[in-house]
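Hi,

Here is the structure I said I'd pass on. Have a look, and my notes are below.

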Amino acid sequence: MTLQEYDYARESPSKLAASCLLLALTMKNLGGWNPTLEYYSGYSAQDLHPLVKRLNFLLTYQPHDKLNAVRSKYSHRVFFEVAKVTPMDMLKLEEALTSC
């Protein structure tokens, strides 16, 4: 989704990928950012918090008239129906990120 948004073009790909991973871990309640992830990514959880919040905002307020093919593709069980996962409430996300 970020490929279609100009605001994310200035972010480094590694930071964007790390932020997406942290958001996914948080959304699925699979734990937080651990020292191994920090070591191999080069980013601390605090470095990623602002971008994680922006990504969740993008998921929450995405226009449904755009990217229908992408949404349809990732709604299939082959891709674990990730397009159907509901975004986190912003307050719950904030609480989860502060506990990382």
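**The surface patch**

Val 70, Tyr 74, Val 78, Phe 79, Phe 80, Val 82 and Val 85 make a nonpolar surface patch of about 630 Å². Patch members have over 30% relative accessible area and no salt bridge, with nonpolar side chains (Val, Leu, Ile, Met, Phe, Trp, Tyr) joined within 5 Å and like charges within 9 Å; a salt bridge is a side-chain nitrogen of Lys or Arg within 4 Å of a carboxyl oxygen of Asp or Glu. Areas are Shrake-Rupley with a 1.4 Å probe, and for residues only the protein chains shown count as cover.

Before you read too much into it: this is a predicted model, where local features need pLDDT of at least 70 and side-chain atom pairs 80 or more, while totals for chains, interfaces and linings use all residues. Numbering runs from 1 along each chain as its sequence is written, and side-chain values use heavy atoms, without hydrogens or water.

Val 78 sits in the loop between helix 4 (68–73) and helix 5 (90–98); helices are DSSP runs of H or I, at least four residues, numbered from the N terminus. Val 78 is exposed, at 53% relative accessible area (exposed is over 50%, buried under 20%, partly exposed in between).

**Inside**

The largest nonpolar core has 16 residues, and Tyr 8, Leu 22, Trp 33, Leu 48, Val 52, Leu 55 and Leu 93 touch the most other members. A core here is a set of buried Ala, Val, Leu, Ile, Met, Phe, Trp, Tyr and Cys joined through side-chain atoms within 4.5 Å. Helix 1 (13–27), helix 3 (45–60) and helix 5 each give two or more residues to this core, with helix 3 giving the most, six.

Ser 19, in helix 1, is buried at 0% relative accessibility.

Cheers

Terms used: Buried < 20%, exposed > 50% of the residue type's maximum accessible area, 1.4 Å probe, protein only.
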